[in-house]
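User: I'd like to learn how to read a pocket and a helix in a model like this. Could you walk me through them?

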Amino acid sequence: MKAVILAGGLGTRISEESHLKPKPMISVGGRPILWHIMKIFSAHGINDFIICLGYKGYVIKEYFTNYFLHMSDVTFDFSQNQMKVHRQHAEPWHVTLVNTGEHTMTGGRLKRVAAYLPAGEAFCFTYGDGLADIDLTAEIAFHREHGKLATVAAVQAPGRFGALVTKGGRVTGFKEKPPGDGGWINGGFFVLQPEVIALIDGDHSSWEGEPMAKLAAMGQLAAFEHAGFWQPMDTLREKIQLDELWESGRAPWRVWQPEPS
C-alpha cells in the first residue's frame with residue numbers, strides 16, 4: 001500500500017526554522033519530522049511513499065540521497081580518497097519524490113501525483129507536519145469494511161492550557177491540558193480510493209475545501225475516531241513540546257521498535 005505525504009508547503013507559522021528548510025525537514029529529536037511520520041507508517045507495514053515536494057524540495061532530495069550518511073557512522077580517509085560507512089541501517093522504504101510546484105495547494109499536489117498511484121487501489125494520504133499514535137492498520141481495515149471512497153481520522157485537538165476542576169466554587173484539582181471542547185476535527189490521516197482525485201479541480205484546489213465537502217455531500221466520507229495522541233507542529237512552541245517528549249523517552253507516536261545499537 002502506498003502513502004502520499006504532503007511536503008511542499010511554506011510553513012509560514014514556524015518561519016523561525018522554515019526560512020531555511022521545508023517544514024517536514026524541521027527536526028524533532030534530531031531527525032526530520034518527515035522521518036518520524038514515515039516510521040509511523042512503516043510500523044504498520046506501509047513502506048512505499050510518494051512525497052509531494054514544493055518549497056525547498058531540493059533539501060528533501062538531498063536528505064534521501066545521503067540517507068546512509070545521515071543514519072550511519074562513517075570514516076573518511078582523505079589520503080586514499082575513500083569513504084567507509086559503518087553500521088549501515090537500511091529502512092525497507094521505497095521513496096518517490098515528486099516536484100508538485102512551489103505554490104500548489106494541497107488538493108492540487110495530490111492530483112499531480114495521481115500517475116504514481118495504482119489504479120483501483122486504496123492509498124494513505126497525510127500531511128508532513130503531524131504526529132500521532134494512530135492505529136493505521138485499524139483505520140485501513142475500517143476503510144475497507146465501510147466501502148466508501150474516503151476515510152478521515154477524526155481527532156480531538158490537544159488543549160493549550162491546563163484546566164481547573166471546581167466544585168461549588170472551590171478548586172478541587174487540576175487537569176493538565178485536557179482536549180479542547182470535545183469536538184472532532186480533521187486529524188490529517190486519510191485512507192482514500194483513487195476515484196477521489198477526480199473531485200480535485202487543479203493546482204488551486206485545497207483538499208480540505210471543495211473535494212472533502214463533495215465527499216461529505218455524497219455520503220462518501222467516513223470518520224475513523226482516534227482518541228489517542230495527536231499533535232501538529234504548526235509553531236515553534238509545538239516543535240519544542242515534541243522535542244521534549246522525544247528526549248524524555250515519552251513520545252507516544254514512537255510505535256516502532258528502536259534501532260539496534
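Analyst: Let's start with the largest pocket: 30 residues line it, and Gly 9, Lys 23, Thr 106, Tyr 127 and Asp 129 lie nearest its centre. This is a predicted model, where local features need pLDDT of at least 70 and side-chain atom pairs 80 or more, while totals for chains, interfaces and linings use all residues. Residues are numbered from 1 along each chain as its sequence is written, and side-chain values use heavy atoms, without hydrogens or water.

User: Which elements give two or more residues to the lining of the largest pocket?

Analyst: They are β1 (2-7), α5 (106-112), β8, β13 and β15 (230-232). Of these, β13 gives the most, with 4 residues. The lining divides into 9 nonpolar, 14 polar and 7 charged residues, with Gly counted as polar.

User: Now the helix: which residues of α6 are buried?

Analyst: Buried means under 20% relative accessible area (1.4 Å probe, protein chains only). In α6 (residues 136-146) these are Leu 136, Glu 139, Ile 140 and His 143. Seen down the axis of α6, they fall within an arc of 100°, so they line one face of the helix.

User: What do the buried residues of α6 pack against?

Analyst: Contact means heavy atoms within 4.5 Å. Here the partners are α2 (33-43), β8 (123-127), β10 (150-155), β13 (185-192) and β14 (221-225).

User: And what caps the N-terminal end of α6?

Analyst: Asp 135 does, with a side-chain oxygen 3.3 Å from the backbone nitrogen of Thr 137. Just after α6, Gly 147 takes a positive phi of about 75°.

Conventions
Buried < 20%, exposed > 50% of the residue type's maximum accessible area, 1.4 Å probe, protein only. Arc of directions from axis to C-beta. Polar contact = N/O pair within 3.5 Å; in protein donor to acceptor, adjacent residues only side chain to side chain. 1 Å grid on protein atoms, 1.4 Å probe; cavity = no way out; pocket = protein on both sides within 12 Å on 5 of 7 lines; lining within 4 Å.
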